[in-house]
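Subject: Structure handover

Hello,

Please find the structure below, followed by notes on what was found in it.

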Amino acid sequence: MKNIFVILMVFFLISITSNAFANSTQTCTVCFTEDASSNWNFEIDRDKGIINFSNTEYPLYQFEIDYDGTEDDKHYVGITPIIDGNRFETNFFYNKAPLLYPVLDPTQHDISYVEVKSELTNDVENNGDYFKVLFSSEDTYRLLRPVSGQNDNLFMEAAFLFTEKGLYIFLNGLYYILPSMEDTDISFKTNGEWIEKNINAETEASLEYYDFVTEIKVDEKRFEEYGKYDISTFINRLQIQVHNNSGTDGFEFDLDHSFKDRGQKEIFSKIFFPFSNEE
């Protein structure tokens, strides 16, 4: 049996403007659905604008949703995985940014609805114990491509699933993935060709574009074995941006250029964090 909790909250989002980070005000509805048969638990800290969730079978893994702005804690909206105390977040323009970031327009895009739910499914195709998160907006795709954009609302959805091999995070919509510049190796397959790079504090600022990206391998060496994860995806155009800013130590996998430049409205990605040998 499911217990459903609906909480309406009004708050302001104020953050420093950059290529990726919003500077706006917003009203947000937060909706909760709990499946009593699921091993996922969650709780909300209304004062801090945080939702924490975890799975009772995998206590080493914690997750944090920030659903308000930077004014209370200097932390952007989004989802931060926390593995054995290691927080997958970085500094962007003197504020903290989560690994998974759903805000796309620097001045206009507001997250107006957040839904979280635990769900144990038994159907053949999606069998498993999931925790699902949805960020959506009253703002539409026209913010990203005004001339030929769509009227549909912008969104990012994420589903978390543990298997015997590790953690899967399924993503859909348009979003950013923000790894660290602290000695991070990346390799990715673009147009069928593998490219390898190392991003570190000495890497020069850059803005690069790659078409038809289907695989990305990331090794954030600051987290040792926990920092290795693979992304299976299909991105029509990927923008990789490295900043030159003393208050920024992360870089961007920017996926919204698939829509801006190629018209791809939704990008499905599967991120896999294998269990460490130390677990």
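Asn191 counts as exposed, because its relative accessibility of 55% is over the 50% cut-off. Please keep in mind that this is a predicted model. Asn191 lies in the loop between strand S16 (184-190) and strand S17 (193-199). Its phi is near 55 degrees, a positive value in a residue other than glycine.

Phe212 also has a positive phi, near 50 degrees, and is likewise not a glycine. Phe212 belongs to strand S18 (residues 206-220). With a relative accessible area of 38%, Phe212 is partly exposed, because that value falls between the limits of 20% and 50%.

Overall make-up

The chain holds one helix and 21 strands. Of its 279 residues, 55% count as buried. Taking the contacts in the chain with a separation of 6 or more, 58% come from residues 24 or more positions apart.

The largest pocket

The space in the largest pocket comes to about 320 Å³. Strand S11 (113-121), strand S12 (128-140), strand S13 (153-162) and strand S14 (166-173) are the elements that each give two or more residues to its lining. In total 17 residues line the pocket, and those nearest its centre are Lys132, Glu157, Ala158, Ala159 and Phe170. By type, the lining divides into nine nonpolar, three polar and five charged residues.

Two of the residues nearest the pocket centre, Lys132 and Phe170, come up again below. The charged end of Lys132 sits over the ring of Tyr130, at 5.5 Å from the ring centre. A second case of this kind is Lys265, whose charged end sits over the ring of Tyr141, 5.2 Å from its centre.

Aromatic pairs

The count of aromatic pairs comes to 29. One of them joins Phe170 and Phe268: the ring centres are 6.3 Å apart and the planes stand at 20 degrees, which is under 30 degrees, so the pair is stacked. Phe170 itself is buried, because its relative accessible area of 19% is under 20%.

Phe251 and Phe253 form a pair with another geometry. Their ring centres lie 5.4 Å apart and their planes are at 80 degrees, which is over 60, so this pair is edge-to-face. Both Phe251 and Phe253 are buried.

Ring pairs also build a cluster, made up of Phe32, Trp40, Phe42, Phe53, Tyr58, Tyr61, Phe63, Phe131, Phe160, Phe162 and Phe275.

His257

Is His257 buried or exposed? His257 is buried, because its relative accessible area is 11%, under the 20% limit. The residue lies in helix H1. Leaving aside residues up to four places away in sequence, His257 touches Tyr209, Arg237, Gln239 and Arg262. From His257 to Arg145 the C-alpha to C-alpha distance is 9.7 Å, while the two are 112 residues apart in sequence.

Regards

Notes
Residues numbered from 1 in each chain as written. Predicted model: local features only at pLDDT ≥ 70, side-chain atom pairs only at ≥ 80, totals over all residues. Heavy atoms only, no water. 1 Å grid on protein atoms, 1.4 Å probe; cavity = no way out; pocket = protein on both sides within 12 Å on 5 of 7 lines; lining within 4 Å. Points joined across faces, edges and corners; volume = space filled by probe spheres on them. Helix = DSSP H or I, 4+ residues; strand = E, 2+ residues; numbered from the N terminus. Nonpolar A, V, L, I, M, F, W, Y, C, P; charged D, E, K, R; others polar. Phe/Tyr/Trp six-rings, centres within 6.5 Å; stacked < 30°, edge-to-face > 60°. Buried < 20%, exposed > 50% of the residue type's maximum accessible area, 1.4 Å probe, protein only. Lys NZ or Arg CZ within 6 Å of the ring centre and 35° of its normal. Contact = heavy atoms within 4.5 Å.
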